[in-house]
Amino acid sequence: MKNMLFFPMLLLLITWNLQVRAQHGAERLYQGVIRDSTGKGIADVNIRVIKDGRVIKTDSTGSYKINANLDKIQVEISHLNYKSLRTVLSTKDIKKILILSAKMGMIDEVLVSGYHSLHKARSVGSYEKIDKVLLDRTANFDVLSKLEHLTTGTYFDRSEYSFNDNGKPIEPKIFMHGVSTLRKAGLGGSKPLVIVDNFPYEGDINLLSPNDIESVTLLKDGAASAIWGARAGNGVIVLTTKKGRFETPLQQEFKASIRVDAKPDLYRHRVISSDDLISVERFLFEKGYFNGKLTSNSRPAISPVVELLEANRKGVFDDEALAAGIKPYQYTDVRDDMLKYMYRGAALQQYNYLVRGGSEKLNGMAQIGYDRSLASLRSDKTNRISSQLSIEAKLNRVVNLSGRLMYNELKNVSALATDFYSDNGYPFPYLKLREGGINLAVPYKYRFSYIDTVGAGNLLDWKYRPLDYIDEPPLVTTSRNLLADLGLQLFLLKGLTADLKYRYNFFDRKKEERYFINTFYARDLINRGTQITNGSLSYNFPYGGILRQQDGFSKERNFRMQLNYKTDFKGHSISALAGAEWRNKDDGSMGNILYGYNAENLSFVSNIDFSKQYPTFGGLGGNNTIPFNSYPNTDITTNFVSLYGIMDYAFQNRYLLSGSVRRDASNLFGVETNNKWTPLWSIGFGWNLHNEKFFKSSVINFLKLRGSLGYSGNVDNSMSALTTIQYFGYNNWSVPYPMARIVNLPNKELRWEKLRNVNVGIEFSAWNNSFSGSIDYYNKYTFDLFDTQPLDPTSGVSSMVLNAANTKSRGFDANLTLKKNWRDLNWAGNLLFSYNNNWIVKTLTDQQSPTSYVLKGGISNLPGDMVYSLYAYKWEGLDSEGKPQGLLNGDKSTAYWDIMGSKTLDVLQKIGSARPLYFGTFRNTFSYKQFNLSATISYRLKYYFKRSSISYQSLFGKYDGHVDFYDRWQKPGDELLTDVPAMVYPLDDGADLFYKDASVLAERGDHIKFQDLRLQYNPALPIGSKIKSLAFFIVAENIGLIWKATKKDINPEYFGNIPAPRSFSMGATLTF
Amino acid sequence: MKNILSTKMVIGIVMMLMLGCNQFLEEKSDMSLATISSKSDLYALMDYTVVMNQSYVAAVGDIASDDFFILDKQYMGISQLSDRAIYIWDRKPLADWYWVSYSRLLNVNTVLEHLDKIQLDQKDRRNLEGMALFFRAYSYFDLAQIYAPAYNQKTAELVLGPPMKRSTDVNDKPIRLSLKETMDLIIADLKLASDYLTDQNLTYPTRPNRNAALGLLSRVYLAMGDYEQALAISKRALESYDKLMDYNQINSGKKYPFERFNPEVLFFSIHAAENLSRESVLRIDTVLYDSYTDSDLRKTRFFTKQADSYFAFTGDYSGNSNAQKFNGITTAELWLTKAECEARLGQLTLASKTIKFLTDKRYSSTVAMEPFPATQDGLLKFIYAERRKELLLRGVRWMDLRRLEEMYIGKKEMKRIIGDKVYSISLNEIKSFTFLFPQKVIEMSDMEQN
């Protein structure tokens, strides 16, 4: 913690030690003009002279005059719609020209697609740009997780959130404008395409530091994204990195920040007290529930309480001793120790240094960053080093050369302790994990009474201590990324330029699992392979540690040639480009396992017979073999060739027409598909109403209508239209012929997932930009989405991925900003509002069993139904024995298996949407002099989820006793008072499964949350100071729920799981 | 000028790159995945022993036959209800006794469809086609034993054979031909296969060969009651290879005395795994066990006494205690077929000579054999007894029960006793008995239940 505070302290010292130097002299006149990036003068700009606080305004042409009796004055230039600027005016400048850049959302903002850039006023597509200021609001490890509360139409799925991932780099599940594929993320699922500058970035996004990013642009509709063709189906996110600029003085920037999270609130997983759990154990013990385990040859783990009960039953000790033995467990909660020894508040430190600048012919940028993330699990930490060097040179009138090198390295260390203790269920919840500084053993895999005595001291210690893994985490993953860009721009003729771009992108990921001899994992395998014959030991499993290594790499090469043409004549302006692109990607991986590994001298056992069978020690199991290297060697090559073109046409800046077309071919598709692959295209129009002569409004200064239609696609590497086979090596009968199995059935009709986007939008600005915003309405149709379909076994396979479904989505995005200022106080309110819903249009198989509908995260299969519908079994209360009742053929029923396997869906109740139909944020920003305060409120409305309740299977088997246990049915008559089923023995697992998905557990998820609160302070700097700007910020996140629809004590945002903890960050940015 | 030059250069580069494009797009995507492009790909599919040589459904017939029984407590331990049902001839939908067969047929159809698509020399083409046809015939014949009634010339055109899938296209619906048409196709396939295949490959009899095709063809004719054809074919097969192991040379001290690919095996295939055929569960029918005389070497080489005083089968040609029993084709079966046909056709002297060839290798050489019966009936009874003792748990007993007359089986019906319940099935019922398709087949296809 000490070194975390070092940098902010240093920054403060620098500020305080600045000398104020001022020079006096005669009255002088400072003159100049302030313009926007198109060269137009800006009226009503506030110029505040820092020294005396005077405020001067520019006139309608943007000109200003200031009188002062100094050689130099420092001024702050601000305007509602433009980014503020702090600069020094000198009498040497006769007539100074200052250029202000627009704030986000303003009309002269520049948008990028990865192929071209265009002014917002000229664009007909739905773009959303997030600039540096917004990206820097919070301190995050990766850039994508910053986007959640800053964008519309983008849903971050958190239904599978686990607090144990917190602080660890995770891949966010992002859905842009709803359904684009039905496959799960990770299996070619709905990951948006991420572009870094000009080319796709397919490596781990966590390798990129958010500090490398200047801005993020989301391409949401067809007109914006169709240019990415067969890869744009899930939406496109363009990350623009920081670069140098021509004719800019050298600038250095130093940033440092710290983020600290609260410890995860483990007690949110609400369970019965240890005392009551022990009562349940005694109940089960008396019923004979543990008899099987107690006599099993495999000697499974048994709780210390059951061991005591068994000893008591055998008469080893009396009831009094039993009570005394149980007593310490009755008042222990393992989570106390977990919070003390296993968890901590996660912390993230980030440091970044950047220098950039440029002359008339040359510009450059260098950057280096270091990030250190300590996850909430004490063992887990991640370090990242990121560095960048870029340079651009105008060699002569024709040739412009640019180059960039980027190197990032990520190192992650983690433990597997969460295998044993997860966020739902703590086996034997009344244990202690550490006492007197010693890590305690917990029953795991084997009973203590067995491993305590067996082997008469000849075996290795056979106990499992979860905290050992925390102290010495065995997993180490190192990822590296080297990216090199080379660009050549040729100015060929007037308006005609050619771009040649090349990118080499190399990723390497090494994963090591280091199970040294002291780890349970290694000790267990060695013990199981030990043979004791007449007191002498032999090891069938190599004695020593186990080292598993996996190495994966990916090499990408991209080459693009593009011709751009721009011309203006008599009010017509045309901008067109055409290009071709080659892309080649080689992915490979290999791995190995070393047995008998000794970390001290790096030795290992090499003569291992993997086919040799050996008996398990003590008859704990059947025969074993030493596990063979299970990492497959892979080598995958992906080649793409694409041809594309874009044309934008504008007439008198009133009528806009835009079109794009792209055709992709790839070695993935096979020749036939390449031939069938129709080009993907888009067309869009725009109408700048405010430029029309008839449009005379003193209120509205900008009004544009736009619409677009575009097609994009989704490709999948694993699919082929042809029969594919996979070789296996040789069979286990030592037949020397290679074998191959059919992986993919031929499918002549295989088509790539295709999307059609229709988008209409309105952009406006009124009252001199005080009220501005955009509203988009979209209709999205998907065709031929892939889904795994069960097949008639007579076809030779039981299921196959087929083009199975069509869906449609409809949505509405609004981004509205209202601004107001009262002298020094500025206020801006920004409302982001999104509506999205998705429906199934067509499926191949119409009938599936009810169980597939109630699955968590399940997808509906009924045409006309919402894709993400929440289904539950109809609930008819408890019967007179406390059994839950469903509805079967119109009657109350406890025939759970018949209900779950019903041929019709009458047994189900459709609750509603499982994903919020409405979501967004409301952000308020106040700035007063050097202070800036902003707060974000987020909301997710109109959705349902199923809360967890008591599962007797979990209670008996995993000791996970949900607190609803206390409300359970206990005696006749209770059925009128409660919906929680009775505890019965033997367990009725049908009742358990039914109740888990019964409609009585459905809850509304709607909630409003106080997302964050941020304060920034930009201290005034003395004139002549070398420091150009200085900013401090503090921000609190995940502050708390303001409102939720459910009356139950659960956090709907995390579907009842343990929520992400509150966090607090602070940081500083220094520019000089 | 300079500008024009650079434009030309750009165009030149584009042209060059375009030419390289096709090669770029045809590059193999995943090195471990392949589209079928060479003869070795086709051979690798035929050599995929996991489906090609395993999971034959004849196992179902064995479980329904009278070679063995299981003890009550073991029966109660069988968790799959559909497995229990087979044992007591209760017509319930079978569990998984289906899809590996069709997975095998998928490989077969894939190879057949690719024969004309890739360049093959005459030798490989004939060999591959022969292998595929053999597997196709073997699979459909195997399925017919379970899912179709016994072959009867009078009714064969009226009853249905097993479902047939004749292409790899998923949209192509399976069809059911009459049993007559099915058997005709099987015979045609095997005739071609025996023509195309060579009699090599016996070192690794997982690959179909000429003798295997002839062996299977003679079994098919036998199932149809065509003794003349069965005789002719078995003779042809034995002409080129007739080797039998002398059991006097087989060590009875070993628990599993037989090697996996022993010299008698013409084609190696094994049953589907089945809980009831585990060594720990399956017990040899006591009448069958007692029928082995003390001088019969099989008595000690095939069986091991268990703690419950009954005998387990440990003489499997797969060389281990697997639940997946060997059910392939052997020279011994050909000798038995030849002897049976000769006896059926009245060539009693020849038949005696033929069966002696086998019994010489199966009975102790130190004890003199009793002379063979002289009457046709007597000799046939003797041959059938030998057949049963030789081919137990090889997937042919069910076929024999369905084709033979009562006098050669020696009983009117089969019985199972579980607890105090007795289940029985008459020989007539067995002839028309068919098992039901797995439920999933009915759910997923347009086919009617069997």
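Me: How many salt bridges are there over all chains?

Reply: Side chains of opposite charge can pair when their charged atoms come close. A salt bridge is counted when a side-chain nitrogen of Lys or Arg lies within 4 Å of a carboxyl oxygen of Asp or Glu. By this rule, the count over all chains is 84 salt bridges. The model is predicted, so local features need pLDDT of at least 70 and side-chain atom pairs count only at pLDDT 80 or more, while totals for chains, interfaces and linings use all residues. Side-chain values use heavy atoms, with hydrogens and water left out, residues are numbered from 1 along each chain as its sequence is written, and chains are lettered from A.

Me: Which residue forms a salt bridge with Arg583(A)?

Reply: The partner is Glu556(A), with the closest N and O atoms 3.4 Å apart. Arg583(A) belongs to strand β29 (residues 572-598) and Glu556(A) to strand β28 (residues 545-569), so the pair links distant parts of chain A, 27 residues apart; strands are DSSP runs of E, at least two residues, numbered from the N terminus.

Me: Are Arg947(A) and Glu1003(A), which meet in a salt bridge, buried or exposed?

Reply: Buried means under 20% relative accessible area, exposed over 50%, and partly exposed in between (1.4 Å probe, protein chains only). Arg947(A) is buried because its relative accessible area is 12%, and Glu1003(A) is buried at 11%. Their N to O distance is 3.3 Å.

Me: What is the relative accessible area of Lys996(A)?

Reply: Lys996(A) has 47% and is therefore partly exposed. Lys996(A) forms a salt bridge with Asp997(A), which is buried at 10%.

Note on methods: Helices (H or I, at least four residues) and strands (E, at least two) are DSSP runs, numbered from the N terminus.
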